[in-house]
Amino acid sequence: MIYLDNAATTYPKPARVVEAFRRSAHLYGANPGRGGYEMSMKTSLKIYSVRKKLAELFNADEPEKVIFTSNCTDALNIAIRGFAKDSSHVLTSRLEHNSVMRPLEHLKKSGRIVYDCASPGENDDKTVENFRALLSKRTSLIVCTYASNVFGDILPIRRIGLLAKEHSIPFVVDAAQAAGILNIDMEKDNVSCLCLPGHKGLYGPMGPGAMILCGDFVPKPLTYGGTGTFSKLLDQPEEPPESFESGTLNVPGIISLGEGVEFVRSVGIKTMRYRENRLIEYLYSSLREMDQVKLYNEFDGSRRVPVLSLNIGDLPCEQVSDLLGREKIAVRGGFHCNPSAHKHYGTYDSGTVRVSVSHFNCKKDIDFLLNSIKKIAKRQII
Amino acid sequence: MKRGDILKKYYIKVGSVTHAMKGSQLLSANGYKVALRRNLKAHSSDEGCGYSLYIDSNVEEAVRFLKSRNVNVIGYGDVSDYR
């Protein structure tokens, strides 16, 4: 199989990640933060080391502000529902995944907030202007994606973060397609809260995600329960990370995620991004020569993550992805849980076929895909 | 982190296992010999289970240092007075 659905989850995982997952069941099999015996303490220490790695990678101010969650969507739910004030306004973009849009829509339909979606402009100045125009005195939160999961657009996060800072409101960033792929510096980017999956650009296993806080803003927790401390008190502890981590952590997942972070650091984000961008640039320039292929934006590696959406003539995107699947090529057709971005790009009625690469893809994979797309376009595969 | 040594003179009670790990590493890096254990008398305390750091000397200085690095210290004192 040629796997080109890395925006959904990266595959394969590095050998060191798989090995860490296996070993963690043997070496770190006790519950962290619960017991005082050796294996529990060793497991706690190992979990703490992953917090440190993530805090360093994203330049968050303290390891204890790295909060482990079930996934990126879980992190975004905590952040959005925990930060948005009742009767306030929330600002987001038109490129948001349902993991942002559905919590916002839920809060809106519950009568708790109103929200607006700023359009990405033709350049960063225009995008920032669009965000600024929708800010009001009632705005209690800005939340947006770092990079689109469908079309790859990178939003000017640092400048949007500055807007939030000027208005003294928290800035939540969905880094589902950016963590491990772009250099993210929470402090310089003025990001109060970074939500990320462990299993995409950080090459961890499916499961753990993280909500990382930086600065003074702290949301209210959504989940209450046992944390291993203050157990005689019925009130939830107030200090992160435990205040957000009731119940047992996904220990094998988190430990393996730590190995994923080490893998990314050992190769280097810059190196990975360069390689992946070259593959998508090659794909883009080759597809541009094919009359039947519809592309929706220029691929400029400085403004996009390595994700490309396409259609072939009037063939339904689901049929194209199915035909490619029969050629043993894994891509994703449909709406990618993101009707907002499809509306913005005019593909709401058709959807697209999305191709996304990882460190483990090579030019040969792209050539095989191009050959199969040619055959589909010429109706040689039905 | 040295866990075996239970004969330390002072305890520093912290807010969670994460703060215990952080505090332990910070103190060790600053020359303290530190032991990390569950709270000794959780049953008789108001708050219940938790973690403490144990050191031999300069407890007030250690507490000031930990607080300056945002470690959530919730109590400290002589081990003989521990509750």
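**Close-up views of the predicted model**

Figure 1. Domain 1 of chain A comprises residues 2-10 + 268-377, and domain 2 of chain A covers residues 15-267. Their C-alpha centres lie 27 Å apart.

**Figure 2. Four strands of chain A form an open, antiparallel sheet****.** The strands follow the order β9-β10-β13-β12 (chain A). At the edges stand β9 (293-295) and β12 (332-334) of chain A; each has a single partner strand, so one side of each is left without a neighbour in the sheet. From one strand to the next, the twist averages 35°. Helix α11 (residues 363-377) of chain A packs on the sheet and touches β9, β10 and β13 of chain A. The direction of α11 of chain A makes about 20° with that of β10(A).

**Figure 3. Strands β10 and β13 of chain A are joined by bridges****.** Strands of a sheet pair through backbone hydrogen bonds, either parallel or antiparallel. Here, strand β10 (residues 307-312) of chain A and strand β13 (residues 352-356) of chain A run antiparallel, and four bridges join them. Which residue in β13(A) is the bridge partner of A:Ser309? The partner is A:Arg354.

**Figure 4. Helices α5 and α6 of chain A pack against each other****.** Helix α5 (residues 124-134) of chain A and helix α6 (residues 157-166) of chain A pack at an angle of about 25°, and their axes are 10 Å apart. Angles under 35 degrees count as roughly parallel; α5(A) and α6(A) are therefore roughly parallel to each other. Their crossing is right-handed. Helix α5(A) contributes A:Asp124, A:Val128, A:Phe131 and A:Arg132 to the contact, while α6(A) contributes A:Arg159, A:Ile160 and A:Leu163. The residues of this contact of α5(A) with α6(A) comprise four nonpolar, no polar and three charged.

**Figure 5. Chain A and chain B are in contact****.** The contact takes in 22 residues from chain A and 18 residues from chain B. The side of chain A that touches chain B is made up of nine nonpolar, seven polar and six charged residues.

Technical notes. Residues are numbered from 1 along each chain as its sequence is written. Chains are lettered from A and ligands numbered from 1 in the order in which they are written. This is a predicted model: local features need pLDDT of at least 70, side-chain atom pairs count only at pLDDT 80 or more; totals for chains, interfaces and linings use all residues. Two residues are in contact if their C-beta atoms, placed from the backbone, lie within 7 Å. Ala, Val, Leu, Ile, Met, Phe, Trp, Tyr, Cys and Pro count as nonpolar, Asp, Glu, Lys and Arg as charged, and the others, Gly among them, as polar. Two strands pair if DSSP finds at least two bridges between them. Helices (H or I, at least four residues) and strands (E, at least two) are DSSP runs, numbered from the N terminus. Axes are lines fitted to C-alpha atoms, for helices over the stretch in contact, and angles run from 0 to 180 degrees between N-to-C directions. Angles under 35 degrees count as roughly parallel, over 145 as roughly antiparallel, 65 to 115 as roughly perpendicular and the rest as oblique. A crossing is left-handed if the near helix is turned anticlockwise from the far one by less than a right angle, and right-handed if clockwise. Domain bounds come from an automatic or database domain assignment.
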